[in-house]
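I opened this model to look up a few places in the fold. The entries below follow the order in which I went through them.

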Amino acid sequence: MSSTSTPIDNVETAASDDARESAVSAPITQPMPHAERAKYDYDLFVIGTGPGGEGAAMQVAKGGWRVGVAERYRQIGGGCTHWGTIPSKALRYAVTSTMKALSNPVMRELGFTVSPTMEQLRRGTQAIIGRQVTMRQSFYDRNNVPIHRGQARFLDEHTVSIDNGEPITAAHFVISTGSRPYRPSDVDFTHRRIFDSDTILDMEDKPTTITVYGAGVVGTEYASMFRNLGIKVNLVNTREKLLEFLDDEIIDALSYHLRDQGVIIRHNETMDRIEGRDDGVVLHLKSGKVLKSDVFLWANGRQGNTDDLGLQHLPIEADRRGQIQVDEQFQTCLPHIYAVGDVIGIPSLASAAYTQGRAAGMHMLGHTSGNLRLNDIPAGIYTSPEISSVGSTERELTEQCVPYEVGHSQFRSLARAQITGETVGMLKLLFHRETKRLLGVHCFGANASEIVHIGQAIMNQPDEHNTVEYFIETTFNYPTMAEAYRVAALNGINRLF
């Protein structure tokens, strides 16, 4: 649930590498006393090289501190690069672009009726991962941050060992070990037809039917992706609604669109048992319903990677899902040990993890003014179409008794959407009736995860500059999807009296 990636060949230039790395602030140096620095091998040691670990390591290295990192996998990048965001979004792009091309009337007239295999759809993914690894390795190399390969375990509050090797000491630590799919003990994940969100990417044969248990971000993304492949999908939700944290109108739009595509959604259901057979998987629900499909995807929750960190040697405790509690500065109960990313729980986004890592690093360097917008994190959900939102929902504003108004723009009325054929979707703006201050942006449709950032930028402007009037007074390129802001703002302003 983070930035997208596509299997289109592109060249990563040194300039683009510098641009990505320059997201780290200019050095904010608060040198440690020489005697204190001399006690340890490193000023900061980071465990994990996912987005959170990278953000912390680069921020502190730019501040002049000695930084080392540990990575247990054979390549850097964490779950985001190797099992989650990058490969799943690359597969999503391959699926949507391929199926869109095959459904084009011209392609059909030419006789293209092929059905791509899973292996063909995944073919470009490894190349993308390779480019990501190479790019990120260059960050560590040019900032003189050594990477220790292996599992890091705490021996005491200032010492770790890598695969039980020589002790490494540090004044500060950042735990950024990420998470993995939660695996209940009564589900046989060794069965060849039962998968989780990591192993599903290695599925060899395209099934005819699939049951997805868990309708959170991961479950809905995969349900949408597999339905686009023509696979019959059962989506089992343990809650009353899909993605309850979203605006109700967006939830309704997603539910309608999934059902319109042919996804069978079952709400308020709980697993009783799962029966793996030679010819499929049978899901027995506590309601008495029984569902059978070719394969089964468990997408219900994640587990923090803390069980092999040696936390028993520290006063830090992980909860039953392996997550670590931190304060607003991402400090654990030991102030010199920080934790960021999925290992601390929601929002479990690669984008959030990177920002959290930077924030932790800046706090170590003495910069505590809170210049990072840690609470201004847009949701990015890569269903088909996409969903993205930032700010308040109608439900929240109603509960807070905030007088607000709504502006809509239906994508089907935009020239750009008509040209591209991506007419499903809408942009929704929530703004204060009196001040016209922008309070929330909610988008459902093609490129939603890009479109939302325009509204995010305006929401964070000073008072009198953060209103929907900006969209009315500003000229947008035509035809573009961004023009939806002008249409939605006018729609909302016209409701005022």
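**Entry 1**

I started with T125, which sits in helix α8. I note for the record that the model is predicted.

Is T125 buried or exposed? I find it buried, at a relative accessible area of 7%; the cut-off for buried is under 20%. Setting aside neighbours within four places in sequence, I list P87, A90 and L91 as the contacts of T125.

I then turned to helix α5, residues 85–102. I see P87, A90 and L91 again among the buried residues of α5. The buried set in α5 also includes T85, I86, S88, K89 and R92. Further along α5, I have A94, V95 and L102 as buried.

**Entry 1: V145**

Where is V145 found? I place it in the loop between α8 (125–142) and β3 (147–149). V145 has 5% relative accessibility, so I count it as buried.

What is V145 in contact with, leaving aside its neighbours within four places in sequence? I have M58, A61, V67, G68, V69 and Y140. I looked at V69 separately: V145 and V69 are 76 residues apart in sequence, and their C-alpha atoms are 7.2 Å apart in space.

**Entry 2: the β12-β13-β14 sheet**

I next looked up an open sheet of three strands, in the order β12-β13-β14, with antiparallel pairing. I note β12 (271–277) and β14 (290–293) as the edge strands, each pairing on one side only. The twist averages 15° from one strand to the next.

How many bridges join β12 to β13? I have six, and β13 covers residues 280–285. One pair I wrote down is R273 with its bridge partner H284 in β13.

I went on to strand β21, residues 425–432. Eight of its eight residues are buried, so I take β21 to be largely enclosed by the rest of the structure. I checked which way the residues point: G425, L427, L429 and F431 go one way, and M426, K428, L430 and H432 go the other. Both sets are buried, K428 and H432 included.

Strand β20 (residues 404–410) is joined to β21 by seven bridges and runs antiparallel to it. In that pairing I find Y404 opposite H432.

Strand β22 (residues 438–445) also pairs with β21 in the antiparallel sense, over seven bridges. Here I find L430 opposite G440. The hairpin of β21 and β22 has five residues between the strands, and I note that K436 takes a positive phi near 65° there.

**Entry 3: the whole chain**

I finished with totals. The protein chain has 16 helices and 22 strands. Its radius of gyration is 24 Å, close to the 23 Å that the globule rule gives for 497 residues, so I record the chain as being as compact as a globular protein of that length. The C-alpha atoms fill a box of roughly 70 × 65 × 45 Å along the principal axes.

I have 53% of the 497 residues as buried. The accessible surface comes to about 22,600 Å², and 48% of that belongs to carbon and sulfur atoms.

What share of the contacts between residues at least 6 apart in sequence join residues at least 24 apart? I have 65% for the protein chain.

Note on methods
Residues are numbered from 1 along each chain as its sequence is written. This is a predicted model: local features need pLDDT of at least 70, side-chain atom pairs count only at pLDDT 80 or more; totals for chains, interfaces and linings use all residues. Side-chain values use heavy atoms; hydrogens and water are left out. Helices (H or I, at least four residues) and strands (E, at least two) are DSSP runs, numbered from the N terminus. Buried means under 20% relative accessible area, exposed over 50%, partly exposed in between (1.4 Å probe, protein chains only). Contact means heavy atoms within 4.5 Å. Two strands pair if DSSP finds at least two bridges between them. Axes are lines fitted to C-alpha atoms, for helices over the stretch in contact, and angles run from 0 to 180 degrees between N-to-C directions. The expected span of a helix is 1.5 Å times one less than its number of residues. The radius of gyration is taken over C-alpha atoms; the globule rule is 2.2 Å times the number of residues to the power 0.38. Accessible areas come from the Shrake-Rupley method with a 1.4 Å probe; for residues, only the protein chains shown count as cover.
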